[in-house]
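Keep the viewer open as you read.

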Amino acid sequence: MGAENPVRRNRTAREVAERLGASPRTIRRIMAEPRDQFLARAAENRRRAVELREQGLKYREIAEEMGVTTGTVGKLLHDARKYSVSS
């Protein structure tokens with residue numbers, strides 16, 4: 001099933017489950033982003049990071065542009081090489 005319009009939430013599945021009287025597993029299943037959407041978003045993030053790096057931006061600059069940490073930029077670029085992503 002999965003969430004129709006996935007949104008980053010500020011509560012954990014455990015917190016929501018306790019509040020609603022359900023299991024954390026049930027809450028995670030209901031709140032989950034559909035896998036195909038997640039994979040498409042991840043591929044786009046990798047592509048964007050590679051594109052910015054090819055423009056000569058430093059990790060810090062890429063992180064600021066994408067709104068992520070420099071560690072995330074490193075992981076995106078590593079995964080892009082792993083999956084042979086190019087812009």
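What follows covers confidence, then salt bridges, then a charged patch.

This is a predicted model, in which local features need pLDDT of at least 70, side-chain atom pairs count only at pLDDT 80 or more, and totals for chains, interfaces and linings use all residues. Residues are numbered from 1 along each chain as its sequence is written, and side-chain values use heavy atoms, with hydrogens and water left out.

On confidence, the protein chain has a mean pLDDT (the predictor's confidence in each residue, from 0 to 100) of 87, and 86% of its residues reach 70 or more. Helices here are DSSP runs of H or I, at least four residues, numbered from the N terminus. Confidence is lowest in α2, at a mean of 88, and highest in helix α4 (residues 59-66), at 97.

Now for the pairings. Side chains of opposite charge can pair when their charged atoms come close. With a salt bridge taken as a side-chain nitrogen of Lys or Arg within 4 Å of a carboxyl oxygen of Asp or Glu, a search of the whole structure turns up 7 of them. Take a look at helix α3 (residues 35-54), where E44 and R47 sit 3 residues apart, about one turn of the helix. Their closest N and O atoms are 2.5 Å apart in a salt bridge.

E44 is partly exposed at 39%, as is R47 at 25%. R48, at 25%, is partly exposed, and so is E51 at 23%.

Over in helix α5 (residues 70-82), K75 and D79 lie 4 residues apart, about one turn of the helix. Their side chains meet in a salt bridge at 3.2 Å, N to O. K75 is partly exposed at 47%, whereas D79 counts as buried because its relative accessibility is 12%.

Finally, which residues form the positive surface patch? The answer is R14, R25, R28 and R29. Such patches take residues with over 30% relative accessible area and no salt bridge, joining like charges within 9 Å. Helix α2 (residues 24-31) gives the most to the patch, with 3 residues. R29 lies in helix α2 and is partly exposed, at 48% relative accessibility.

Technical notes:
Patch = residues over 30% accessible without salt bridge, like charges linked within 9 Å, V, L, I, M, F, W, Y side chains within 5 Å. Areas by Shrake-Rupley, 256 points an atom, 1.4 Å probe, with all protein chains shown as cover. Lys, Arg positive; Asp, Glu negative; His and termini not counted. Charge placed at Lys NZ, Arg CZ, Asp CG, Glu CD. Helix = DSSP H or I, 4+ residues; strand = E, 2+ residues; numbered from the N terminus. Buried < 20%, exposed > 50% of the residue type's maximum accessible area, 1.4 Å probe, protein only.
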